[in-house]
Amino acid sequence: CGGKCGAQGTKHREGQWRSYYKCRNAMSRACSQTRTVRNDRIEAAIVEALVQAASDVEAFRKTEVVSTAIASPELSKLRDQLSGLMALGQNPIIADAIVEIRLQIKKLEFTEDSKIQKTERIRNDLSSVFSDPKYWEYALSNDEAKTRLFQQFVSRVVVRGGEVLRVELHL
């Protein structure tokens, strides 16, 4: 029905506590989805989706070619201005303007390179961390880390008939 799930209860099974979730609308009899789903099944589906996303990012990262030849419009404009000033000939005022524009170009190139490097670092971290089984052992055993992680990356988990159909991520 698109409604949110709420905790239906917990049971102690196989040496651990397990939470069960059920559609809140079903609790008020406004939805026919009356089956519950265990938290460990939801977590397993979320982990699978995050690992797949990390794998997709890694595949994209390997095939993506970051082209520094394609400059931003602002950088292209500055380079055009520099060419125009250099064509005007020798003049102390023009020489000062050329120096100033070259400084602006260097700053902009540095900023663009920094953005590319930051994006690459994030992709590397996502790929290496999320694909590491030891990370998931830690994350799922640490409720605070798990909560932060799920809130940051999980948009929605769709459940029907007690089974997880899909996990939607914020990526």
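## Overall dimensions

The protein chain has a radius of gyration of 26 Å, whereas a compact globule of 171 residues would have one near 16 Å. The model is a predicted one. Taken along the principal axes, the box filled by the C-alpha atoms of the protein chain is roughly 85 × 40 × 30 Å.

One pair of residues illustrates these dimensions. Leu85 and Gly161 are separated by 76 residues in sequence, and their C-alpha atoms are 70 Å apart in space.

## Secondary structure

The protein chain contains 6 helices and 5 strands. Read from the N terminus, the order of the elements is β-β-α-β-α-α-α-α-α-β-β.

## Burial, surface and charge

Buried residues make up 26% of the 171 residues of the protein chain. The accessible surface of the chain is about 12200 Å², and carbon and sulfur atoms account for 51% of that surface.

In soluble globular proteins, nonpolar side chains tend to be buried together. In this model the largest nonpolar core consists of 16 residues, and the residues with the most contacts inside it are Ile46, Leu50, Phe130, Trp136, Leu149 and Val167. Helix H2 (39-63), helix H5 (133-141) and helix H6 (143-153) are the elements that contribute two or more residues to this core. H2 supplies the largest share, with 7 residues.

There is also a second, separate core of 9 residues, including Leu78, Leu82, Ile101 and Leu108.

## Leu85 in helix H3

Leu85 belongs to helix H3, which covers residues 73-87. Its relative accessible area is 19%, so Leu85 counts as buried under the 20% cut-off. Apart from neighbours within four places in sequence, the contacts of Leu85 are Ile94, Ala97, Ile98 and Ile101. Of these contacts, Ile101 is also listed in the second core.

## Ala139 in helix H5

Ala139 is part of helix H5. Is Ala139 buried or exposed? Ala139 is buried, because its relative accessible area is 1%. Residues up to four places away in sequence aside, Ala139 touches Ala145, Lys146 and Leu149. Leu149 is one of the residues with the most contacts inside the largest core.

Ala139 and Val164 are 25 residues apart in sequence, with a C-alpha to C-alpha distance of 20 Å.

Asn39 is located in helix H2. With a relative accessibility of 18%, Asn39 is classed as buried, because the limit is under 20%. When residues up to four places away in sequence are not counted, Asn39 touches Arg18, Ser19 and Tyr21.

Arg29 sits in the loop between helix H1 (24-27) and strand E3 (37-38). At a relative accessible area of 78%, Arg29 is exposed, because exposed means over 50%. Most residues other than glycine have a negative phi. Arg29 is not a glycine, yet its phi is positive, at about 65 degrees.

Note on methods: Residues are numbered from 1 along each chain as its sequence is written. This is a predicted model: local features need pLDDT of at least 70, side-chain atom pairs count only at pLDDT 80 or more; totals for chains, interfaces and linings use all residues. Side-chain values use heavy atoms; hydrogens and water are left out. Helices (H or I, at least four residues) and strands (E, at least two) are DSSP runs, numbered from the N terminus. The radius of gyration is taken over C-alpha atoms; the globule rule is 2.2 Å times the number of residues to the power 0.38. Buried means under 20% relative accessible area, exposed over 50%, partly exposed in between (1.4 Å probe, protein chains only). Accessible areas come from the Shrake-Rupley method with a 1.4 Å probe; for residues, only the protein chains shown count as cover. A nonpolar core is a set of buried Ala, Val, Leu, Ile, Met, Phe, Trp, Tyr and Cys residues joined through side-chain atoms within 4.5 Å. Contact means heavy atoms within 4.5 Å.
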